[in-house]
Amino acid sequence: MPELIITKHIDVPGIDRLSVYRQYGGYEALEKALREYQPEEIVELVKKSGLRGRGGAGFPTGMKWGFLAKNEPRYLCCNCDESEPGTFKDRMLMEKNPHQLVEGVIITSYACRVSTAFIYVRGELAYAARQVQRAVDEAYAAGYIGKNILGSGYSLDVIVHRGAGAYICGEESALMESLEGRRGYPRLKPPFPAAVGLYGGPTVINNCETLSTVPAIVRNGADWYASFGTEKSKGTRIFCLSGHVKKPGNYELPLGTPLRTLIYDEQYGGGILGDKKLKAVIPGGSSTFILGADKVDTPLDFESVAAAGSMLGSGGVIVMHEDTCIVDAVLRMTEFYRDESCGKCTPCREGTYWLVQLLERIEHGHGKMSDIDLLLDICDNISGKSFCPLGDAATSSITSSIKLFREEYEYHVREGCCMVGPKARKPAAAAL
Amino acid sequence: MAEEAKNDGLVHLTIDGIPVAVPPGTLVWAAAKQAGIEIPIYCYHPKMPPLGACRMCFVEIEKMPKPPQTACTTPVSEGMVVHTKTEKVLKARRGTLEFLLINHPLDCPICDKGGECDLQDFTLRHGPGATRFDLRKRHYPKPIPVSDRMLLDRERCILCQRCTRFCSEISMDNGLVMINRGYRMEVGTAPGEAFDSIFSGNTVEICPVGALTSAKYRFKARPWELKRIPSICNNCSVGCNVRIDVRVDKIMRQMSRCNDDIDDGWLCDRGRWDFDYVNDVQRLRTPLVRRQPGGALEPAGWGEALGLIAERLRAVKERYGAAAIGGIGSTRTTNEEAYLFQKLLREALGTPNVDHHHGFFPGLRDPLTGRPWMLTTAIADFERASHIVLVASDPYERQPILNLRIKKALKAGARIYVVNESSTELDRLATRVIRLPQHGAGAAARLLLEAALRQENLRNPREEVRARVLGTFQETRQAEALCGAETTAALRELAREIAAAPAALILYDEMATLAPGCANLAPDLQALAVVTGNIDRPGAGVGPLFEDANSLGARDMGLLPDSLPGYRPASPAGLSYQEMLTSDAVKALYIMGANPARHLADGNLRRGKEFIVVQEILLTETAQQADVVLPALTYAEKDGSMTNVDHHVQAIRRALRPLPGARADWEILMDLAALLGHPWSYEGPEDVLLEIAAQHPLYQGLTWESLGLQGVRTGEVEVAHA
C-alpha cells in the first residue's frame, strides 16, 4: 500500500480529539508555519507542491491564493458542502479527523492573511458539523485559533456554518450568498471571489480535502508532496468508490493510479459485485461524463481522465455493471439535477424539468424515437447556456450515455422495456 | 481620424458591423440599443443591476471563451466585435424561448398583457414557431391575490425576478420574494403577509408578462385600444412623469414615463392608481347657484352663474371696497391658472388679498442666499449626498418617489438621519434616528443650527446668523428643555456631522413649519446649510418638500399676499390665508381648487362672508357652503404647466375630452375677467405661459414647446429681473 497522506491517521481511535491529534503530530505544521514561514512563503510552498483543488475543477491551489486581491478585510471559506452524488470523502474527513481540517484552515488563513475563516458544512451532515465545531472549540481553547496564535501576533476567528441543504450552495458564489444569509444563488462572475467575494471582500475558497492536505505539505515539504502522483497531477487524493463493487469506500491513492487498480485490486474495490462484467464508470461524481468499460485502464489523474473524455471531478467513482439499465440510471441522476437546480436561470430550471419527463417516458416504455435526439438538443440548449455549471452538469450523463449506449434508448422506445437488468423482458421460455 | 476617435473618452466597438461608441462600463445590451439593434431581455432592467438569469440576451463576442455570452452582463471593451444574429445566437435564443414556453399557459386571449407582452413579442420575433414539448405543464391555482390591489398568476410567470429585485434593490421592502427552488420556484410573499408596499404597482409595470396584474386595470381594456397621453402625476409635489392610458374618455391606468431627473422610472401606488376622482360620477357637471340666502344650491347655466358672480363681486367692491374681496388659490391647478387667478384678483378686482394654503416661510426670499424658498438641489443630485437629514419630513408618506431616490443614495453610500416626532419608514435604514417631542421640529432646527455655529473651522461663518442665534440664549434653552438632554446631545452630534460632511442634504416638510414653535424651522435649517457650506455643492442642499403638484408653482405665480409673480414684493401686502378665512372685513371669497373648510376648526366659511365662489371638480365641504359653484376640469382634461419640488416646469396634456358642462379653470377666469371689463386675449395656456415667461425670472424664455416631454428645470440660476 502506498504512503497515505490525508487518511494516514483516519482510523486512529480518538483522533478527533485534540489530545490524540497532537500525539500524532497535530498542529506541528501550524507551529512550523507560524514560526518558520512568512505568509507568502507558504503560498509559494503550496504552489511548488503542485496541489490542485479537490472540489471538482482541479484549479492549482497556490495559484488561487496568489490571485487574492490585497484589500482588507479578506476571508477564507472552506467548502464542506459536499453534495455531489457519488462523493463522500469530505464527510469522512470532517467526522473522523476534523482537527486536520481545522489546522489546514488556520495555516491557509495565515498564508492568505485572512482574519476570519468560515467552514461551510453541508446542512445534512449534522454529525460532521458537530465534529468540526468541537474541533474548532478545542483549538480556540488551546490557543490555535483566536488572538495572537501561539504568540505569533497572528489572530484568526473560525466560524462553522451549516448550510440549509442545497446542492447549489457547493458552487462557490452560491455558498457565499448563502453564508451572507440570502438565497443560494450563484453570483455573476466576474468579479471573481478573489477580488470581490464574501461581504464584498477578497475571498479564497477551497474544498475540505484540499485544506486537509495543507498541514502535511507544510510538515513534509513541497518536494515530498510533489513526489507523489504524476507530472501534472501531483500528490494523492481520496477516491470515493461506489456502485457495483465488492468493497465500496474511500480510498486514498496517488494520482495516476489506473482505474482498474481502484476497481479490481483486493486492497480497494475488490472487483465487480457478483463478478459481473463492467459496463460503465462515472469517474468524478455524477456531473462528469460516463466512461465505457474500455476506459478501465485510464490512469486517474486530471489529464488522463480528460483525455478519456471525462473529468476527475470530485473523485466520486461510480461503477455500473452489465445489469444496469442506463436509462434508469440517467433518469435517477437527472431527477437529482431537476430537484437541485436553484431556479435562477431558465435553461437549467425548465430544461431539467423537461429532460426528466422525457426520460421518464422513455424509461417507462412510452417514448418516441425522436425523443432521443430531442434529449440531445435540449442538452445542447442547456449546456453552455445556463448561468452556472449546474446546468452543464445535468447534461453530462445524458449526452455521454446516448453516445455510448444509444441502442439501449432505442430498445426502450421500440420494445417498451429495459434492455438489461431486472426490468428487462425475460426470454419467453424463461418467463414460462 | 482614428486617433481622434480614440481620445473621446468613449469605448468603440462594432455590433453586427455597425460601429458604436459608448461610455466605459456600458453593457453590450445598451450599446446595441444605441445602434438600433434589439437584443431581447427579460430579467434585465436598466434601473437594476444585471442578473443574467433569463438567458435571453445571448450574443456572440469574438475572442471571448464559450459562446454565446449574455449581453446584459457583459460590459463593452475597446475593439470588441459583437454579433447578435449568428446561428449559435439564434439557436440559443430559440432554446430559451422554448424553455420559457413549456410551462407557460398561453392564455394570451384573456391576459391583460396580451398585445404588450415581451414573451409574446419576443417569441414572435426570436422564437421557434412551434414547441416540441408534448408533456405535462406545471399548474397552479390562478390567479392568487398578493394584496388587495394586485394579483399573481404563477403559471404566466417566467421567473425573471424583476419584481423581487425591485422589492429588494429599489423599494428595499422585500414585499415579493422567490419561494422554493428549481422548477418549483415561484414568486410570493412572506407567509401570511400581503405585498402592501406603496410602490407595489411598479412590479406590475416591469413584469414582462401577465403574471402580476393590477386589480384596478384587470380586464378593463386591451393595450391596442388605449390612447396614450404623456402627462404629469397630480398627486404630490414630485411631479413624476406619467403616461395616461385612456379608453373612451375614461382613464384606465397610469404608467411611468421614465424621467431620470425626477422619478427614475418609478411611480408610487397613489400616483399610479388614485385617479378615480377624474372618472367619478359625482363630478360637477353644471354650475350651481344659491338663488336665495339660506336656500339650496340649484343647477344654473354658465351665463347666469358668471353674471351673478360679476354682479355680486362688483356690489361688494362698491359697498366695502376692493379689499373686502379675498382670493384663495390652488396648489393643484396649473401655473397659468394660478397666474390668471391672481391677475383676476389683483387687476380685475383690485384687491391685494391673494393667498393659498402653504407652509410658513418668512419673507419672499431666504435673506442669506437671496433666493426664493425652495429646494436648492436637484432630485437627481440626492444620489451624490453623503448625509441626508430628514427633519420633520416623511417622503414615504408624502412625496413617495423621493423615498426611492433617498434609498438609491443610501446604496451609493449616503447616510440617512431621521429627525422626527413619529416613526418613519426610513428609520430602519437610517444611520441615526432622533425622536422629537411633539412640535419639536423648530426646537431641533434651532439646536442643530446653534451647535453648528459653535463648530470651529465652520465653512461659512455668517455673522448675521451668529448674532441672531448665539445672541439669544433664551430660545436655545427653551429648545433644550423641550427636547431633553439625550435628544439635545444627539442633535449636537448630528450638527457636528453636518458641519464636517462632504455633502449634506437637509430636507424638511413644508407643512411642518406651521406647527406651534416651528416658525423659524425654514430659516434655521436654511441657515444651517449655509453656515456649514452645504449649498451649491454637488449632492448638498437644503429645502422644503412641498405638499402638492403645483405648490411651488403657486408661490412662483404670486398666490401670496406679499408677492407678485416672480417674487416681486406686493405693495400693499394683502391678507393672509388665515386672515381671509377668519376676518370679518372680507365679505367675498373667491376660491379656486382649494378646500379651506378643512383648515377651520368648525369648518364654517361664512363668518360674515356675504358671497363665496368656488371653482371645484367635486362638491367639497367648501363648495357646499358657496353661493356659486363652478364645475372645473381635472389635470387630465386640460393643458398647462406645473412646477415640481425641485423646480422642474413640466407640461400636463389633455388626455380626455372635457367632462360635458365643466370648464377649465383658466377658461372660467378669462370669461369672468371679460365680464368684469378686462377682456384678455389669450388663445390658450400657451399664451399665458409666454406672458409669465416675459415677466418671471425663473420662467424666462420658456414656451409651451420648450417644455417638451420631460420638462425643464429652471431656478438654478435666477435671471435678474430688469
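Tutor: In residues 226-282 of chain B, the end C-alpha atoms lie 24 Å apart, and the span is 16% helix and 35% strand (DSSP runs: H or I of at least four residues for helices, E of at least two for strands, numbered from the N terminus). An unreviewed UniProt entry annotates these residues as "domain: 4Fe-4S Mo/W bis-MGD-type"; such annotations, given in the numbering used here with shortened feature names, may be inferred rather than shown by experiment. The model is predicted, with pLDDT of at least 70 needed for local features and 80 or more for side-chain atom pairs, while totals for chains, interfaces and linings use all residues. Residues count from 1 along each chain as written, with chains lettered from A and ligands numbered from 1 in written order.

Chain A holds 17 helices and 9 strands. Of its 432 residues, 58% are buried (20 or more other C-beta atoms within 10 Å of the residue's own, placed from the backbone; 12 or fewer is exposed, in between partly exposed). In β1(A), 6 of the 6 residues are buried, so the strand is largely enclosed by the rest of the structure. A:Tyr75, A:Cys77 and A:Asn79 point one way, whereas A:Leu76, A:Cys78 and A:Cys80 point the other way.

β1(A) pairs with two strands of chain A (pairing requires at least two DSSP bridges). With β2(A), residues 116-121, the sense is parallel over 6 bridges, and A:Cys80 stands opposite A:Val121. With β4(A), residues 203-207, there are 5 bridges, again parallel; here A:Leu76 stands opposite A:Val204.
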